[in-house]
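User: Please take a close look at one part of this model, the backbone, and then widen the view to the packing.

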Amino acid sequence: MLRSVAPLPILHKSQSVSVQFFFQQCLIGLTNGALIALVALGYTMVYGVIGLINFAHGDLIMLGACLALSLVAALGLSMAGPAATWMGIALLVLLCGLFCGTLNVAVDRLVYKPLRTAPKLAPLVSAIGVSFIFMNIGLFWIGSADRSFPELLPSANLLPSDSLQFNWKDLLVVIVVVPLMLGLSLLVRATRLGKAMRAVSQDQTAAALVGIDVDRVIASTFFIGGFLGGAASVIYGLYINTIGFQMGFQNGLYAFTAAVLGGIGSIPGAVLGGMVIGLVRALSSAYVGERWTGAIVFAILIVILVFRPEGLLGRRTREKV
Amino acid sequence: MKNQDPQHSTDFFSRRDRAYEFVRERWDMMALAVLAVAPLCVPALGGALGGQVTTLFIYCILALGLNVVVGYTGLVHLGIAAFFGIGAYIMAILTVPMYPFQIGFLAATIVSVLITAGVGLALGAPTLRLRGDYLAIVTLGFGEVVKVTLRNLEQITGGMKGLNPVPPPGAGVKVAGIDLGLAFAIDPRWFYYLALVSLAGVVLAMRRLEDSRLGRAWVAVREDELAASAMGISATRVKLSAFAMSSAVAGLAGCLYAASLSTTADPNAYDFNRSIMVLCAVILGGLGSIPGTLLGVTILVGFDTVLAPWADSLIQQMNINPSGLILLSFSGWRLAIFGLALVLVMRFRPEGLVPSRRLAAELHEAHP
């Protein structure tokens, strides 16, 4: 009876389809995760150095995406040939990175720096204020409606299989994110600046005592975090294809969740956290329903904070008195 | 000749001081008297304006609830709107005809306040041990979870339509031959008085709490958790009580909100923006200060309901903005104005417009 003829092949086929579907979702999740990780690095670096949850980081990236959109129009990239398109994208990443990095440093200088010795609430609330101001600038820049970001890359599949899709857009994410992350870890591990950053994040006073210019290190941290965010904003536009002035809040929240999940202040942690959050998002969108994704991600955040507040790769630290 | 001019001037100053002290001590009674008489003198309060002022009172209650956590206890709470929403939805579930409960306004309020306090405890118990900024994120995440849940559990919460109609308080109760519910439904002034009495009750309770053993423990934990623990205060328990108290007050505000609108409105009414606006109001007015909180809410609500529409219509009349550019409309600058206000207040007057004396001293001591 069990060997009845018809159902078996169908079952087999649907099983293989569902397995492929699963892998496809994982691939989407990892690609998304790389993007989230890039944003998460901006949170984790600033937090690691001055202990501030930079609420404005998501909105900084929104502004980067606005600039990218304007530049695409100004450079006429939607009509360019393949070679020019790739050159243009490289230029976009560079310009938006510089823009976001510089803006981040300027905000630090104007807003957070005078509050270094104030109670922790003050810079946090100021960051919320800055995020409002950024959102308003974005509103003036691109208007209140969502704007579609032009498709610059061909959508041909790069994998031989029909059922598993990995196209140029996905490749773009990988070839921008991976070198940036390698460069960052090299910078933090092997350069004088990186050493100074690690020293400042351990103990500002002691770092200043051994002759490190703490303010310069903090400014560099803001710049690097902002630069990575600017690069992320270009990829976001090219990959997601829709930007709006309110996108910063939710994306920032996902990225922050990733940073906390990996262990805030830890750079490999942010990357790992980004990948995990990307996977969770993709799988919950596919299997539970997209409308629940936000709730699931934040529920995970709460559970992690309760049971393992130091994150996956972070070290347990006591709050300093 | 002794004590000529100096005497004179001290007299003048002490008289002004006494007037200031009088206002400082008696502002609540004066405001209450004015607000209690107002509906009898201002006919507009019987119309749409009455509803707006009622909503203002409800936000004041909500902000006073948030002030317990943020102001007295010094924790960052970014999800107060979630508790506001839970209060509103429980009120609706217990009273709308769609559900079999229909237990009446007063009972529903009590149940709802108890449940929101319980939810506050349940969220706070595991998370209040966390570092301050992590707590901010937990409350923020909780707010998002609640909003998404309210939106998606359509069978229970009505999805984007919300739950309605929430019957007015006292429906079916007859006093001197008049159906109270009908009175509430017809004349907004009934809700005005209900909200005013609730607000007065909350203000009174807060002032008593400020001077109570618990209130002093809250402030002690804010000022120095380590020192407070050394004095035998259980910091976690004190924070938890603040969290529960704030949730309960927010729940009460939610009940009044749902009843006065006769609907829960859609879940977006309880999102992050609402939380952050209430937080802005508390910070702007003065953390830990009751008059400050009330003033902050009045300024922010006044901005949205009075100043912005007035300025927009002025711009329209002057024909500055014929093509409807958002850049040239006053309300287009709303976020930037609020954001700038937050940044400037934190930079130059972190104790807010009407500071609580103790917090002001604390904040200025922290600047070396």
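Analyst: B:Pro165 sits in the loop between helix 6 (154–157) and strand 1 (174–175) of chain B. Helices (H or I, at least four residues) and strands (E, at least two) are DSSP runs, numbered from the N terminus. This is a predicted model: local features need pLDDT of at least 70, side-chain atom pairs count only at pLDDT 80 or more, and totals for chains, interfaces and linings use all residues. Residues are numbered from 1 along each chain as its sequence is written, and chains are lettered from A and ligands numbered from 1 in the order in which they are written.

The peptide bond between B:Asn164 and B:Pro165 is cis, with omega about -5°. Most residues other than glycine have a negative phi, and most peptide bonds are trans.

Two loop residues have positive phi. A:Asn241, not a glycine, has phi near 70°. A:Asn241 lies in the loop between helix 8 and strand 2 (242–243) of chain A. A:Asn241 is partly exposed, with 14 C-beta neighbours inside 10 Å. The scale: buried means 20 or more other C-beta atoms within 10 Å of a residue's own, exposed means 12 or fewer, partly exposed lies in between, and C-beta atoms are placed from the backbone. B:Ala265 is not a glycine either, and its phi is about 60°. B:Ala265 belongs to the loop between helix 11 and helix 12 (272–285) of chain B. B:Ala265 has 18 other C-beta atoms within 10 Å, so it is partly exposed.

Now the packing in chain A. Helix 2 (residues 57–75) and helix 8 (residues 214–240) of chain A pack at about 55°, axes 8 Å apart. Axes are lines fitted to C-alpha atoms, for helices over the stretch in contact, and angles run from 0 to 180 degrees between N-to-C directions. Helix 2 and helix 8 of chain A are therefore oblique to each other. Under 35 degrees counts as roughly parallel, over 145 as roughly antiparallel, 65 to 115 as roughly perpendicular, and the rest as oblique. The residues in this contact include A:Gly64 and A:Ala68 of helix 2 and A:Gly226 and A:Gly230 of helix 8 of chain A. Contact means C-beta atoms, placed from the backbone, within 7 Å.

Last, the two chains. Their contact takes 40 residues from chain A and 40 residues from chain B. On chain A's side, helix 4 (121–142), helix 9 (247–262) and helix 11 (293–307) each supply at least two residues. Helix 4 of chain A gives the largest share, 14 residues.

How values were computed:
Two residues are in contact if their C-beta atoms, placed from the backbone, lie within 7 Å.
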